[in-house]
Amino acid sequence: MLDDSLPGSSPDEGSVWNAPPTVNYTIGRVVGPFDKLETSVLGVEDEQKQGFGCRTDSLFAKLVNGKSLIIVLHELSVTGAPLSMLELGAKMRSCGGRVSAVVLNKQGGLFSELVERGIRILQDKAHHSWNTAAKADLVVVGSAACASWIGQYLRSNPKGGDRLVWWVMENRREYFDRAKYLLGRPKALLFISDIQSMLWKEWSRNESLTMAAHAEVVSLAVNEQLASVAGLANKSNDRLAEKRAQLREEVRREMGLEPNDVLVASLSSINPGKGQLLLLQAALMVVDHVENEGLAGLAHVETNSALEWRSRRTFLTGRQIFSLADSFSFFSTFRDRGSHPPSASGKEKHSGAPGKDKKSRGGDSKSLLGRGSRKARLPLAKGKKSSLKQRGQNFVRNTILRLRPKAVGSEVVDGSPRLRILIGSVGSKSNKMPYLEKITRLLDRSERLAKLTLSTPSTIHVASLYAAADVYVMNAQGIGETFGRVTVEAMAFGLPVLATNAGGSKEIISKNVTGLLHPVGRAGVPVLAQHIRRLLDHKTEREQMGQKGRDVVDRLYREEMMYDKLAQTFKKVLDGASS
């Protein structure tokens, strides 16, 4: 039996690690999937299913041709590590390799994809899989979550490490702790980013642990099928460019988007580590024109949204209402328009200079609106005695609801750009239900945010989604994304990326060149909101960043580059095993 304390070791792993949804939660309005539309517009070629062809003259093809090969996947969710191993197996098979797959947890959407690509799935993940691997020429394991299987395999076959390549695709400490005593056993250890490699090597040194002698970084890449649709593989193909434009137009039409809508997409699995809730909080700040000073009301926006605060206006004190109004920048709206807030009577205009008569100010010479708001003070109407509460309620009733900006919400004003958010991977095995419930509560409390939010099911047909989008967000939290396969895919389609300044995103994205970076956590929410607003208003900048991102992907993250690096590692392993 496998060690049940480790991921991928038991049939019910999902109940502990990545529980599949038991409730059909949706986020905003569900759109897609667009796989049939994508197929009808782009067409499908057999070689796309079989690894998009093989460069027979490449070192990779010469090494795997005729070889018995095993790939090990910890699960079949439509996420980075399983997808990368699926594509690796398909490429091996297209180059003449005999490929079998060990799958530790068969929940997820990739089972049929393995079958369609002609990859044989071993029914047993214990003794039969270990014996089959022991007879193979090469074994490639695609996740630190497979540590349990590796340990059992090496107990069954002590020399099996000589033909073993371990491609680690996680960066969190919990994965290191489960894998650390085995890191010296494989012939080769691969990482997917420099930051991840340095982190794991530092942890190993701190605990005086041995790591494989051959440890390299092999970053993930954009597969050739997606690169072709994005226009990287056939840059001079005008017909393909027309199809891509047609795909964008038809997908956006099915989504219900208008020409002036700016679609901001985030297609990762939905859990706290991916930060979708924080993204929606930032979107809420954008549509409600909240500035940094207004964050206090959004500190726990999953239970107290801006809309909910506004709906409580008649129960707040006058001072609280004035402070709330200042937080939502209504006074700056007046200043921007060259006008002034009305007095309590609705007739008197204010010159902007603070009054000095303490009696006329209710005995309080301090600003009612906090720092930086002295010019926005509201004087009492002459000849009237009005409480702060009455003045505040009157202001809210007569001004805020009439003058609330609408340009980036659900209504269009004078052709202004209109924000739309697309959240991906609804139904993914890696989604976390409590987190989905928080997002649902937020949308329930904010009608405007709910109207601008779309979601789409988990799918491998992502070309249509990238083609329809205008901006991509990688809002990974904690120590950040290990690498960010979806990041380079989005860049291939010419999308500027808004990402947290952590993990692999720092390696991929050049600030103010191919995208913008913001802090992790709640501190990053107002910065992300500012970045969304910036790209919402500046189409030229979006397009310039997107084009530079395409150039980076073309130079560094093409599939053939990844397979060339893998081939170098495979050669060392195969040469060593035969000597």
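Reader: Which residue of strand 14 stands opposite alanine 499?

Author: Leucine 517 does. This is a predicted model. Strands of a sheet pair through backbone hydrogen bonds, either parallel or antiparallel. Here, strand 13 (residues 497–500) and strand 14 run parallel, and four bridges join them.

Reader: What is the strand order of the open sheet?

Author: The order is 1-11-10-9-12-13-14. That is seven strands, with parallel pairing.

Reader: Which strands stand at the edges?

Author: Strand 1 (29–30) and strand 14 (515–518) do. Each has a single partner strand, so one side of each has no neighbour in the sheet.

Reader: Which strands does helix 11 lie across?

Author: Helix 11 (residues 238–255) lies across strand 1, strand 9 (261–266), strand 10 (418–426) and strand 11 (453–457). Its direction is at about 90° to strand 9.

Reader: Now helix against helix. At what angle do helix 22 and helix 23 pack?

Author: The angle is about 100°. The axes of helix 22 (residues 524–537) and helix 23 (residues 539–556) are 5 Å apart. Angles of 65 to 115 degrees count as roughly perpendicular, so helix 22 is roughly perpendicular to helix 23.

Reader: Which residues meet there?

Author: From helix 22 come Arg534, Leu535, Leu536 and Asp537. From helix 23 come Lys539, Glu541, Arg542 and Met545. By class, the contact of helix 22 with helix 23 has five charged residues, three nonpolar and no polar.

Reader: On to the backbone. Where is proline 33, and what bond joins glycine 32 to proline 33?

Author: Look at omega. A cis peptide bond joins glycine 32 and proline 33, with omega about 5°. Proline 33 sits in the loop between strand 1 and helix 1 (35–42).

Reader: Next, phi. What is the phi of serine 208?

Author: Serine 208 has a positive phi of about 55°, although it is not a glycine. Serine 208 belongs to the loop between helix 9 (194–206) and strand 8 (214–217).

Reader: Is serine 208 buried or exposed?

Author: Exposed means over 50% relative accessible area. Serine 208 has 66% relative accessibility, so serine 208 counts as exposed.

Reader: And what is the phi of asparagine 512?

Author: Asparagine 512 has a positive phi of about 65°, and it is not a glycine. Asparagine 512 lies in the loop between helix 21 (505–508) and strand 14.

Reader: What is the relative accessible area of asparagine 512?

Author: It is 42%, so asparagine 512 is partly exposed.

Key:
Residues are numbered from 1 along each chain as its sequence is written. This is a predicted model: local features need pLDDT of at least 70, side-chain atom pairs count only at pLDDT 80 or more; totals for chains, interfaces and linings use all residues. Side-chain values use heavy atoms; hydrogens and water are left out. Axes are lines fitted to C-alpha atoms, for helices over the stretch in contact, and angles run from 0 to 180 degrees between N-to-C directions. Helices (H or I, at least four residues) and strands (E, at least two) are DSSP runs, numbered from the N terminus. Angles under 35 degrees count as roughly parallel, over 145 as roughly antiparallel, 65 to 115 as roughly perpendicular and the rest as oblique. Contact means heavy atoms within 4.5 Å. Ala, Val, Leu, Ile, Met, Phe, Trp, Tyr, Cys and Pro count as nonpolar, Asp, Glu, Lys and Arg as charged, and the others, Gly among them, as polar. Two strands pair if DSSP finds at least two bridges between them. Buried means under 20% relative accessible area, exposed over 50%, partly exposed in between (1.4 Å probe, protein chains only).
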